[in-house]
Amino acid sequence: MEFALGNYTLVTEFILLGFPTLPELQIVLFLIFLMLYGMILVGNIGLMLLISMDPHLQTPMYLFLSNLSFVDLCYSSVIVPKMLVNFLSENKSISYYGCALQFYFFCTFADTESFILAAMAYDRYVAICNPLLYTVVVSQGVCIRLIVLSYIGGNLSSLVHMSFAFILKYCDKNVINHFFCDLPPLLKLSCTDTTVNEWLLSTYGSSVEITCFFIIVISYFFILLSVLKIRSAGGRKKAFSTCASHLTSVAIYQGTLLFIYSRPSSLYSPNTDKLVSVFYTIIIPVLNPLIYSLRNKDVKDAAKKALRLKVDSS
């Protein structure tokens, strides 16, 4: 739907192009992504329930991990259900305000995840470099404040991008070459100057990710120095194993976000970016519960205990 305003015909809805293929392949893609979304729900909700029920997991590290699962669940749920509907529907439209809300919530939870990953790196730094002060420096109160600040930071970052993106005029063209309302393909449709938006995306947006990445790198630099001072090979292995899951998650998540949002707009490639976006919106929320459970003895022990209790009760 469109309506005229002066010399402009402004759009009131957008079309999400998604993955244009044969109808038969759309069904196949629907089944694949439905299965992946099911894994996201089971993995992340399961991990949150496990952490909340086991008293041995009531520590700052697992409080961060529980919130990481919550954020993964939220930003994938902002995108995947609409994408699944579009696989089966000929009408792939999303309203102007629906697009704005989808982008706002996606950006909020995506940036919140970056802040939480940075807070988790700080938590590991204190645990390994200052173990005697850990319970004082990273108390429950400090942990909660860091989590709250992560959500506030994600919300403010999202508000900046959404406010500037949706004061632009979108005329005539309304087909977004993507499977959700992401900023780079959306700016391509604007009939007004997007210089400020592109600057915000490449500088302010990148600075959020780079700042979080810098905190993580500095934390792990000092962790490495501390670990190298440990004389026993077993002690070094144990110290590295506590960080391996987090480093894996950071490398995958931050790497894909920096690839998508830190490039100049001239290097934007719709097909490549759609594939990379699938990775950080769907694959990473599938992988994170596996990464943090399969490589974590405490989580595996808690899972075994929960299974034993379920078997005994039945």
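**Stop 1: two helices side by side**

Select helix H2 (residues 60-88) and helix H3: their axes lie 9 Å apart and the two pack at an angle of about 160°. Axes here are lines fitted to C-alpha atoms, for helices over the stretch in contact, and angles run from 0 to 180 degrees between N-to-C directions. Helices are DSSP runs (H or I, at least four residues) numbered from the N terminus. H2 and H3 are therefore roughly antiparallel to each other, a term for angles over 145 degrees, while roughly parallel is for those under 35.

Before moving on, remember that this is a predicted model, where local features need pLDDT of at least 70, side-chain atom pairs count only at pLDDT 80 or more, and totals for chains, interfaces and linings use all residues. Residues are numbered from 1 along each chain as its sequence is written, and side-chain values use heavy atoms, with hydrogens and water left out.

**Stop 2: H3 meets H9**

Now show side chains: Phe106, Glu113, Leu117 and Met120 in H3 meet Tyr280, Thr281, Ile284, Asn288 and Tyr292 in H9 (contact means heavy atoms within 4.5 Å).

**Stop 3: Ser245**

From Asn288, go to Ser245: their C-alpha atoms are separated by 8.6 Å, although the two are 43 residues apart along the chain. Ser245 sits in helix H8 (residues 233-261). Is Ser245 buried or exposed? Ser245 counts as buried, at 5% relative accessibility (buried means under 20% relative accessible area, exposed over 50%, with a 1.4 Å probe and protein chains only).

Terms used: Parallel < 35°, antiparallel > 145°, perpendicular 65-115°, else oblique.
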